[in-house]
Every structure is written in C-alpha cells, then in structure tokens.
Amino acid sequence: MEPGGQSNYHPKRPVQYTDIIAYVEDKYGAKIRGEYIACVKRMCGLEVAESNNKSKNGNPRKKPYCPANKVAYIKEALEHFGILPAETQNADDPD
C-alpha cells in the first residue's frame with residue numbers, strides 16, 4: 001500500500017460490559033450486572049478499572065458480590081469474547 005492510500009483496516013471495537021450482559025442474557029436468559037462482571041474478573045486475576053462511583057463521606061463501599069450461579073455464565077462469556085483464556089476440559093485425557 002502506498003502512503004496516503006486507502007486502507008481496509010478497521011480497528012475492532014473493544015468488548016464492553018453491555019456486550020457481556022447481552023451475551024449472557026441471550027444465551028442463558030440470566031440477568032447480570034456490571035458489578036458481577038467486575039467481581040468475576042477480580043476472581044480470575046484480571047484487571048478491573050477503579051469505580052468512579054465512590055462514597056463522598058469516605059466510608060468504604062460494601063464488598064462486591066456475585067451470585068455463585070452466575071459466575072460460570074460470566075466466565076464463559078469472558079472466554080467467548082477472548083478476555084479470559086478458555087479452560088481446557090478433561091486435561092487428563094491424552095487425546
């Protein structure tokens with residue numbers, strides 16, 4: 001390609017929490033929240049941005065909570081979008 005020519009490159013849009021929420025709802029019919037996604041990301045050792053919604057009086061917010069039945073849904077969605085490496089099923093199987 002010559003300098004100044006047209007490019008076919010279109011950067012891929014980063015995955016957003018709304019994408020993950022829609023994926024889980026479509027696939028499993030479960031309602032999840034952004035705080036659940038952040039909680040699962042922390043559990044998996046992934047980086048999570050600091051919340052802008054902080055207490056003004058200095059009191060710490062309650063610890064994030066994610067219902068156990070939704071953790072697997074969120075992990076699968078993170079794997080689907082390539083955010084979390086896919087877990088190998090049957091690692092002991094030589095095939």
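**View 1. The length of helix H3 (68-80) in a predicted model.** Helix H3 has 13 residues, which at 1.5 Å a residue should span 18 Å, and its end C-alpha atoms are 19 Å apart, which agrees; the expected span is 1.5 Å times one less than the number of residues in the helix. Helices are DSSP runs of H or I with at least four residues, numbered from the N terminus. Because this is a predicted model, local features need pLDDT of at least 70 and side-chain atom pairs count only at pLDDT 80 or more, whereas totals for chains, interfaces and linings use all residues. Residues are numbered from 1 along each chain as its sequence is written, and side-chain values use heavy atoms, with hydrogens and water left out.

**View 2. The buried and exposed sides of H3.** Lys70, Val71, Ile74, Ala77 and Leu78 are the buried residues shown in H3, where buried means under 20% relative accessible area, exposed over 50% and partly exposed in between, with a 1.4 Å probe and protein chains only. They cover an arc of only 130° around the axis, which puts them on the same side of H3; the arc is that of the directions from the helix axis to the C-beta atoms. Asn69 and Ala72, on the other side of H3, are exposed. The buried residues of H3 pack against helix H1 (17-28) and H2, contact being defined as heavy atoms within 4.5 Å.

**View 3. Two aromatic pairs.** Rings of Phe, Tyr and Trp (its six-membered ring) pair if their centres lie within 6.5 Å, and planes under 30 degrees apart count as stacked, over 60 as edge-to-face and the rest as tilted; by this rule the count comes to two aromatic pairs. The rings of Tyr23 and Phe81 have their centres 5.6 Å apart and their planes at 70°, so this pair is edge-to-face. Tyr23 lies in helix H1 and Phe81 in the segment after H3, so the pair ties together parts that are 58 residues apart in sequence. Tyr23 is buried, at 15% relative accessible area, whereas Phe81, at 26%, is partly exposed. Tyr28 and Tyr73 form a stacked pair, with 4.3 Å from centre to centre and 15° between the planes.

Technical notes: Helices (H or I, at least four residues) and strands (E, at least two) are DSSP runs, numbered from the N terminus.
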